[in-house]
Amino acid sequence: MSSITLETHADRSKMEVSDEVAIEIRDMNKWYGAFHVLRDIDLKVYQGERIVIAGPSGSGKSTLIRCINRLEEHQEGQIIVDGTELTSDLKNVDKVRSEVGMVFQHFNLFPHLTILENCTLAPIWVRKTPRKEAEEIAMHFLEKVKIPEQALKYPGMLSGGQQQRVAIARSLCMMPRIMLFDEPTSALDPEMIKEVLETMVELAEEGMTMLCVTHEMGFAKEVANRVIFMDAGQIVEQNEPEEFFNNPQNERTKLFLSQIL
Amino acid sequence: MSDMSYVRSEMLPERAPPASQIGFVGWIRANLFNGVGNSILTILSLIFLWYILSALLPWIFAPTWNSGSLNECREIFGADGGHGAACWGVIRERWVQLLFGFYPEAERWRPIVGFGLLFVALIPVLFNMISRRMNWVLLLAVLGLAGLYLGGALGIIAGLLLLGAAGFVGFKAFTTSKEDRAAEIESGAKRLPNPFIFSAIYPFIAPWLLWGGSIWLPVGAALGFVVGYFAYRFLAPVVGSLAGLIIAVLAALIWWLLLMAPMVDQLDALFTIGEGPGAENLLALEPVESRNFGGFMLSITIGVVAIACSLPIGVVLALGRQSDLLIVKALCVGFIEFIRGVPLITLLFVASTLLNIFLPPGTNFDIILRVLIMVTLFAAAYMAEVVRGGLAALPKGQYEAADALGLDYWKAQRLIIMPQALKISIPGIVSTFIGVFKDTVLVSIIGLLDPLGLSNAIRADQDWNGVVWELYGFIAFMFFVFCFSMSRYSMYLERRLRTDHS
Ligand SMILES: Nc1ncnc2c1ncn2[C@@H]1O[C@H](COP(=O)(O)OP(=O)(O)OP(=O)(O)O)[C@@H](O)[C@H]1O
Ligand SMILES: [Mg+2]
C-alpha cells in the first residue's frame, strides 16, 4: 500500500467536533442475497467528525458508506442522517441525498457535460438555484480545488487528479453537511493522490463531517479523529488514530496494520 | 562504461516530412503504388472501373430525354438498341407522378410547402449552430415563396411582405456580429421567439396541409395536448406524478373524443359563408383523400412520421424494459418481442384488412393512418433494442453519481443517462431510421401507390411497357439521396458530440 506523506500538516485546531449527531446507525444488517455483508453495525457520527474506515478488501467498507446515502438498501436496523431516517420513502431518500455528498473511486463525472455543467447540474435541477447563481457557486468551489481555468473543458480532457477534484467540487456545490469518500485516491498516480488529499485536508479544516474509506494511512493520522477498522462485515475496532496505529487491540487489526504499514 | 552515457547537447528542430509523403504525387505513391502487388491491384481496379463506366456512362447520358414512349427511344437508337441506352422520357413524363402520386394538381403546392416547412422545423432540432434569427429568415422565406407560388393578388402581396420580412431579418442578422447581438440581448433587447415553437406546431400543420379539411381540426388536436399539459401541471403536485400523468392522459382523451368535435363544428359554422352545397369554409383546405396520395410524398410522409415517433416510443419501451415494475416490464418485453418477431408485411396486411374486421362497422379509419401506426410500432420495437444497447453500455457509476447528487429517476434519465445512451446508439439509431425509410416501399404490397407501386402502374402503360432500369434507377437514386443524407448527418452529429480530446 502506498504511503504518501502530506506536505502540509493539517491544522487540527480548526477541526471542531460538536455534540450534534450527524449520522446514527443502529443495529444495521444488510444482505446481498444470502450473503450477510454488514452485521450489527452501530455507529454514531458527530457533526464535524473526520472518520477513516479501513479494512481488508471485501470487508464491507464501501457497502457501509453506500448505505448512508442509500445507494444500497439495508434490511434491518435504522440509519438516521441529520434527523431523517432512511426508509423506502423516496422523499426521505431525496432529502438525505441532497445533504450528503459522495466522491467515488472512479470519479463518475458526467462525460457529456463540461466541468462547469457537471457542477451546476444538481444545484439547478435539485436545489432550483438560478443558473447564474449556480455558476457562481460552481466557480467558487472550482477555485477552491484549484482548477477554475478548466471550467469549460470536458472531463475526458482532464487528468485523473483533476477529475477527482472536480468530483469533490461537484459534491460541494450542493452544500452538503456530510461528505462520503469511497477510496477517492486509489485509482490515481502518487503525484495526483497528493493533490486530492490536500483538497480533502482543506475540507476537513473547514469543519466538514467526513466519512472516508481509504488506504492512505498518512491521511488518517493527519486528519482523522477516529479510525474504524472493519472485517467480515463488522466493525472490529475503532479508536483515535494515535491509539489505533500504535496500540491496536484486536488480532485482525494487528495483522492488517502489519501488512499495510 | 563511458559509451553508455550520452547527453544531448543540442535539441533537434522540427523538420517538414519527406516530399514523398506530401502533395498529390506523394499521396498517389503512398496509397496506390507502394509496392509491386499494390500497383498491380491498382491497375486492375482502374481497368475494371473503366470497363464498368464505359458501359454505364453512355447508357446514362443517352439523348432520350424528350422521347414520348419506349418506341420513340428505340427509334433514336435503332431497333436493336433495346438496352443499349436509357430511355429517360419516362422520367420526364412521369416524374411528377412519381413524386406526388395522384395528388390533385391544383393542390400540389401543399405537399411542397409542407416539405419546405419540414426543413424549417427540423433545422433547430438537427443543428444547433444556426442562429435563431436565421431560422426565422428561413421560415419567412418558405412562407413567402409559397405565397408567390399560389399567386393571386393576396398571395403575391403576402408573399412579397413575407419575403421582405425575411430579407429584413436576414440583413440585420448579417450586419450585426454574434458578439454585438449577444451584447444587445444582454442589455435587454427583445429576442425572436425560439424556433422550437415552430418545430412543435409543425406536426399539426403538416397533416392539415396534406389532407386538407378544417383548420380547427389540427388546432383542436393541439389543444388536447395543452389540456393534458395543464392537467398534469396543476394536478401532479397534488396527487403525485404518476396519478397526475394518468389523469392528464384521460383529460386529453376526453377532449379529443368528446369535446373536440363539437368545438370544431361550432367554429367551422362561424367561418362558413353561404349555405347548402355552395357553402365555403374560409379557413379550410380542399380535402384530399388518402387513396390519392402516392409517390415519394407518401414514402416521405410515412418515413418521417415513423422516424419521428419511433424514437421517443423506443426510448420509453427501452426504459420500461429495464423497469423494476413487473407489469410494465412484462408489457414492454412482450410488445418488443412480438413486434420484432413478426414481419412488417404481416403487420401491414393486418393494417389493411384485419383491422377493418375488428373495428365497428361504419368507422372509416384512414388506411394511411393505419399504415403509419403499424410502421411506427415496428420501428419503435427495433429502436427500443438499439437504445437498450446504449443504456447497457453506460457504466453503473453514472447512475450512482446521479443518485448521489439527489436527481430523481426522470431527471437522471433526461439529463445524464439518455443523452449519453442515445449518443452511444447514434449509429444503430440511424441504421434503424434508414431501414424504416426503405421499408416504406413495402406498402405497395397492400395497394398503396408508393414509388414502387407507381412504377408498376407506369409500366402497365403501353407507351412504357418494358421500361425497367430507368424507373428503378431513378427510384433507387432518390432513396439513396435521402438515406445517404441521414448517414452523413449521423456522422456529423457524432463528431459534434465528441467530448474527449479536441
Ligand atoms: N452488488 C453486490 N451483490 C453481491 N455481492 C456484493 C455486491 N457488492 C459487493 N458485494 C460483496 O460484498 C462484500 C463487501 O463488498 P464491499 O464492496 O463493501 O467491500 P469493500 O470493503 O469496499 O472492499 P474493497 O476494499 O475491495 O473495495 C464483498 O464480498 C463483495 O463481493
Ligand atoms: Mg470498496
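I take a polar contact as a pair of N or O atoms within 3.5 Å; within protein, one must be able to donate a hydrogen and the other to accept it, and residues adjacent in sequence count only if both atoms are side-chain atoms. I am working on a predicted model, where local features need pLDDT of at least 70 and side-chain atom pairs pLDDT 80 or more, while totals for chains, interfaces and linings use all residues. Residues are numbered from 1 along each chain, chains are lettered from A and ligands numbered from 1 in written order, and side-chain values use heavy atoms, without hydrogens or water.

**Entry: ligand 1**

A backbone N or O atom of A:Gly58 sits 2.8 Å from a ligand oxygen. The side chain of A:Ser57 puts an N or O atom 2.6 Å from an oxygen of ligand 1. For the side chain of A:Ser62, I read 2.5 Å. Protein covers 59% of the 630 Å² of accessible area that ligand 1 has on its own (Shrake-Rupley method, 1.4 Å probe).

Next, the shell. Its residues include A:Tyr32, A:Phe35, A:Lys61 and A:Glu183. I noted that H1(A) gives the most, with three residues. By class, I have four nonpolar, six polar and two charged residues.

**Entry: chain B**

I found 20 helices and four strands (DSSP runs of H or I, at least four residues, and of E, at least two). The C-alpha atoms fill a box of roughly 105 × 80 × 55 Å along the principal axes. Of the 502 residues, 38% are buried (under 20% relative accessible area, 1.4 Å probe, protein chains only). The accessible surface is about 29,500 Å², with 70% belonging to carbon and sulfur atoms.

Definitions and conventions
A residue is near a molecule or strand if one of its heavy atoms lies within 4 Å of it. Ala, Val, Leu, Ile, Met, Phe, Trp, Tyr, Cys and Pro count as nonpolar, Asp, Glu, Lys and Arg as charged, and the others, Gly among them, as polar. Buried means under 20% relative accessible area, exposed over 50%, partly exposed in between (1.4 Å probe, protein chains only).
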